Amino acid sequence: MNMKLNKTFYRIFLIVSFIGVNALIVSGISAVLSYLNSGADRTSMLHLEVAMEEVYLPKMVWNGLENPGRPMEQQTLSELEKDYMSAWHVRNIAYMKNDPYGIEDFYTDSARVRLYEQIDLNKKGGNWFKSTTLAHHPELDFYSQDGTLVVLTDRDVEQYKEVYEKETLLYRQKDTLSYQVMLLLEDGFWRIRHLKALNEPVKLTSQKRFDSEIDMGFLNKIKGVNYYPQASPWDTFGKKFDSVNIENDFERIREMGLNTIRVFIQYEDFGKANVPFKKLLLLQKMLDLAAKNKLKVMVTLFDFYGDYDITNWTLTQRHAEAIVEAVKDHPALLAWDIKNEPDLDFDSRGRERVLSWLGMMLEKVKQWDPVHPVTVGWSSPEAGKELSAKVDFVSFHYYRKPEEFLQAYNQLREAVPGKTLVLQEYGFSSYSGIWNAFRGGEEEQAVYYATMQASLEQNEIPFLFWGLHDFKKIPTSVVGRLPWRKERQKYFGVFTQHGTTKPAYSYLSVKE
Amino acid sequence: MRLKALLFLLCIVTACGNRQELPVAPILGYASLKTPPKEYIAGEPIVLEFQESGFDRPLHLLLTNAFGNVVLKGTKSKKFTNYHFPKPFYRVAGKCRWKLLYCGRTIKEGSLDIRPDVSVQPGLETYFGPRSLTAGDSDFSMLVVVPTDQYDNPLPDGTITRVRAQFQDSITEVEVPTTDFIAWNNILSRRQAGRILVGAYCQETDTKELTTIVNPALSEDFKIAVERNHDFADGNQIVRFHSDIIKDPYGNSISDGTLVEFMITDSKGGLLKTMGTTVNGIAKASMLHPSQAEDWKVTAFITGAAKSNTLRVLFKPAISDFSVNFSPDSRHVHIGPLQSFMGQQVPDGIMVRLDIMNADGKQLEQKRASSKKGTTSFYLPKTYFTAGSYRIKVSVAGLAKTFQIQLDEHEIE
């Protein structure tokens with residue numbers, strides 16, 4: 001018996017080692033072959049411009065190209081702009097990692113020495129800096145006759161930086177500085193030769209508040225719903241975009257006597273930094289349909305975005321700018337909601353990081369569109385205190401017991417006096433099944449809304465309930481994979497999956 | 001006591017320990033800058049002295065200049081805390097801003113204006129281009145001079161630089177003050193071709209010698225002439241064409257190597273082309289004599305710039321007559337001897353053409369051959385030319401003779 005077992009072991013060992021040796025030989029030969037097949041990349045020989053992924057897109061507005069040297073060509077200007085931005089980008093990265101990678105591509109010999117010195121200094125001190133620039137306003141001072149030298153003054157460069165010592169954040173600040181820069185064209189790259197911080201008074205970019213122009217009156221009258229089409233929840237502007245269905249929904253909403261909807265724009269779905277024109281058309285189409293049905297639209301930006309890191313601030317800015325600029329004059333637009341429930345990211349991303357991104361974005365959206373009010377959709381009345389000075393009205397969500405609502409509301413009312421408060425999300429799932437031991441149901445939902453609507457009406461609180469439809473499928477990215485969460489999320493609507501009304505409908509139909 | 005220390009520690013940990021969060025603790029301390037304000041010169045060590053009191057943790061001084069940031073920790077002396085600027089910060093001219101930080105808050109802030117060090121001999125960088133010009137009044141090279149101090153800071157606007165340029169006997173000098181880091185001067189082209197040497201200096205520093213070359217401008221119209229051994233169309237000698245010295249509008253002979261194309265229109269309207277490049281303004285080109293009487297019209301061109309006069313070149317026929325002999329069966333046709341203008345044998349290679357037609361005058365075939373030792377011959381094989389009557393035409397050097405021949409089935413040697 002023992003002998004037999006031993007023999008089997010030997011056999012197995014031999015076969016396995018034979019296969020193993022063969023596999024090694026084959027992989028060795030293939031490694032050699034693939035090495036011999038790979039050659040030098042021709043582009044590296046020609047020193048062609050490498051196609052860079054768009055990682056850094058601060059706003060760049062040229063103030064003037066007139067100069068005594070030579071007229072600036074469009075082609076050169078775009079190359080110059082690209083390399084100048086890359087110079088800022090590689091420097092930001094270098095100071096973040098204290099690693100001079102990439103510096104030599106965008107700084108001349110003498111200039112890069114200075115950066116190396118600083119990197120050494122910061123390495124020694126254990127400091128590192130996370131920084132970005134948000135806006136540049138360059139003006140061309142000089143462009144030489146042979147086209148290889150440029151001097152420009154970059155005024156009011158909006159910079160944002162965080163100072164770290166080891167792992168500790170020491171300081172964060174927003175700065176506006178002006179620089180004079182000389183660049184040389186070397187090996188096809190525009191490289192920074194001289195850089196000087198100017199002692200100029202900062203021109204305050206017009207941060208005027210156009211509060212008087214904002215129509216705050218309507219906000220107090222909001223009676224609305226958070227809207228996703230029934231067929232494509234959390235993907236309003238995706239492949240299933242169907243204007244007929246949307247129009248039908250809008251007609252139903254209007255029939256209920258509601259005047260507002262809240263829609264969501266997903267950051268990735270809308271192309272991140274490069275918003276596709278097609279998506280903007282869909283958004284416009286939806287706004288047109290809303291206008292046709294006399295509905296106002298609150299647009300929530302940056303859904304499913306959750307990074308907030310300084311290094312991609314410029315990208316999020318380009319994203320928001322494209323959307324805001326595209327529809328800011330639309331009659332159906334009511335307000336900009338920067339982000340849905342960002343306070344839920346406080347734990348994972350850090351409260352300050354989230355708030356500084358929101359603060360920056362609120363300011364920027366205000367700059368692009370001074371007319372429409374801005375807000376942030378906080379997940380609870382308690383979070384509504386955050387950034388209250390920067391938002392035009394406070395939006396909060398409430399999914400707790402209806403009896404305790406007024407107490408929470410009044411607390412927030414005291415904390416942010418003078419601001420309009422909008423209950424931007426609330427609702428009750430009519431789900432009844434094994435995950436809640438068959439305790440829920442459409443009747444319970446109706447009871448919930450009866451209580452809520454009574455308090456809202458009594459206190460004249462503007463509201464947007466969640467939501468119009470029951471959904472068949474909930475994307476995993478919304479509430480995760482857990483079935484008791486997914487199932488619950490399906491039944492928040494006042495219309496069933498088949499389009500029939502639930503008992504709650506009568507409480508939410510506010511038509512006089 | 002122990003509890004107090006523990007509480008204190010806890011306070012600090014909650015205040016400054018968290019990685020992401022900034023504390024919101026009231027600032028109890030007080031700091032004031034004791035260093036009197038002054039203008040700094042690059043390279044001169046900078047120390048900022050603060051009186052700090054009431055802080056439970058050390059403060060940081062954050063410096064920011066054009067190139068980057070640094071965080072400094074102070075050194076305590078008896079009364080004050082000193083912050084020594086590191087080299088990269090006191091050597092870089094421009095605005096340098098400082099912020100005194102305590103637990104993420106700015107206690108005090110300000111900025112220094114550091115000026116370039118003008119006391120020491122400056123460095124001069126020059127950028128000169130384009131390095132080649134066209135003679136005349138419109139083209140120019142640009143000299144850009146960037147004077148810097150010993151720490152590579154551009155000198156302040158208004159720094160005087162002088163630009164000198166030499167061309168032939170004249171040396172000019174202009175004074176150029178700097179603006180936006182640079183001083184620049186346009187070196188205008190001259191009407192004569194040659195070299196312009198340029199140099200600049202600022203205070204005691206001179207640049208190296210820089211050169212721009214003034215090339216002749218576009219050529220003007222020119223004249224051509226022909227040169228040949230004789231005027232017979234012998235198909236053997238070479239005709240040489242040459243231009244006069246081709247000049248630009250300012251009298252400079254055009255650049256060596258300029259391509260000149262000689263276009264020849266022959267008496268039948270055909271085009272022949274030959275070309276040459278200029279040396280010292282003169283272009284030369286050659287062409288073989290025609291093999292029959294010709295009337296050439298020759299014009300030379302410099303593409304896109306200039307053309308010459310049209311020259312007429314006449315050729316007399318070299319061969320005045322020739323004899324044709326047939327073998328008894330008429331299948332062998334012997335042509336020659338061909339004699340040139342002095343009765344000498346024509347050089348080898350004169351083209352002889354034989355056209356064969358049937359009795360009705362319909363062309364059947366054309367044969368060509370070159371002469372060798374003054375003669376040539378054709379063979380009409382019976383495979384192709386069956387018995388019958390044919391008409392043949394022999395053409396040499398523009399002359400032609402026609403014969404009527406009768407071919408048999410048999411070949412007679």
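**A walk through a two-chain predicted model**

I would like to begin at one residue, A:W313, which, leaving aside residues up to four places away in sequence, touches A:T132, A:L134, A:Y160, A:Y308, A:S356, A:W357 and A:M360, where contact means heavy atoms within 4.5 Å. Residues are numbered from 1 along each chain as its sequence is written, chains are lettered from A and ligands numbered from 1 in the order in which they are written, and side-chain values use heavy atoms, with hydrogens and water left out.

Let me return to that tryptophan. A:W313 sits in helix α8 of chain A, residues 313-327, where helices (H or I, at least four residues) and strands (E, at least two) are DSSP runs numbered from the N terminus. Is A:W313 buried or exposed? It counts as buried because its relative accessibility is 1%, and the cut-offs are under 20% relative accessible area for buried, over 50% for exposed and partly exposed in between, with a 1.4 Å probe and protein chains only. A polar atom of the A:W313 side chain lies 3.4 Å from the backbone oxygen of A:D309. To give a sense of distance within the chain, A:W313 and A:F438 are 125 residues apart in sequence and 46 Å apart in space, C-alpha to C-alpha.

Stepping back to chain A as a whole, its secondary structure comes to 15 helices and 13 strands, and its C-alpha trace spans about 95 × 75 × 45 Å along the principal axes. Of the 512 residues in chain A, 54% are buried. If we take the contacts in chain A between residues at least 6 apart in sequence, 72% of them join residues at least 24 apart.

Next come the sheets. In chain A, 5 strands form an open sheet in the order β1-β2-β3-β4-β5, with mixed pairing, and two strands are said to pair if DSSP finds at least two bridges between them. At the edges stand β1 (59-60) and β5 of chain A, each with a single partner strand, so one side of each is left without a neighbour in the sheet. Inside this sheet, β3(A) and β4(A) run antiparallel and are joined by 15 bridges, and the bridge partner of A:Q159 in β4(A) is A:D175.

Elsewhere in chain A, β6 (residues 223-226) pairs in the parallel sense with β13 (residues 463-465) over 3 bridges, with A:K223 standing opposite A:F463. The strand β6(A) also pairs in the parallel sense with β7 (residues 260-266) of chain A, over 3 bridges, and there A:V225 has A:I261 as its bridge partner.

Chain B has an open sheet of 8 strands, in the order β19-β21-β24-β23-β22-β25-β26-β20 and with mixed pairing, whose edge strands, β19 (224-227) and β20 (232-233), each pair on one side only. The strand β20(B) runs parallel to β26 (residues 306-317) of chain B and is joined to it by 2 bridges, with B:A233 opposite B:P317.

Finally, how do the two chains meet? The contact takes 53 residues from chain A and 50 residues from chain B. The area buried between them is about 4,600 Å², of which carbon and sulfur atoms give 57%; buried area here is the accessible area (1.4 Å probe) that two parts lose on being put together, summed over both.

How many salt bridges does the rule find across the interface of chain A and chain B? There are 4, a salt bridge being a side-chain nitrogen of Lys or Arg within 4 Å of a carboxyl oxygen of Asp or Glu, and one of these joins the side chains of A:R193 and B:E125, at 2.4 Å from N to O.

Notes: Predicted model: local features only at pLDDT ≥ 70, side-chain atom pairs only at ≥ 80, totals over all residues. Polar contact = N/O pair within 3.5 Å; in protein donor to acceptor, adjacent residues only side chain to side chain.
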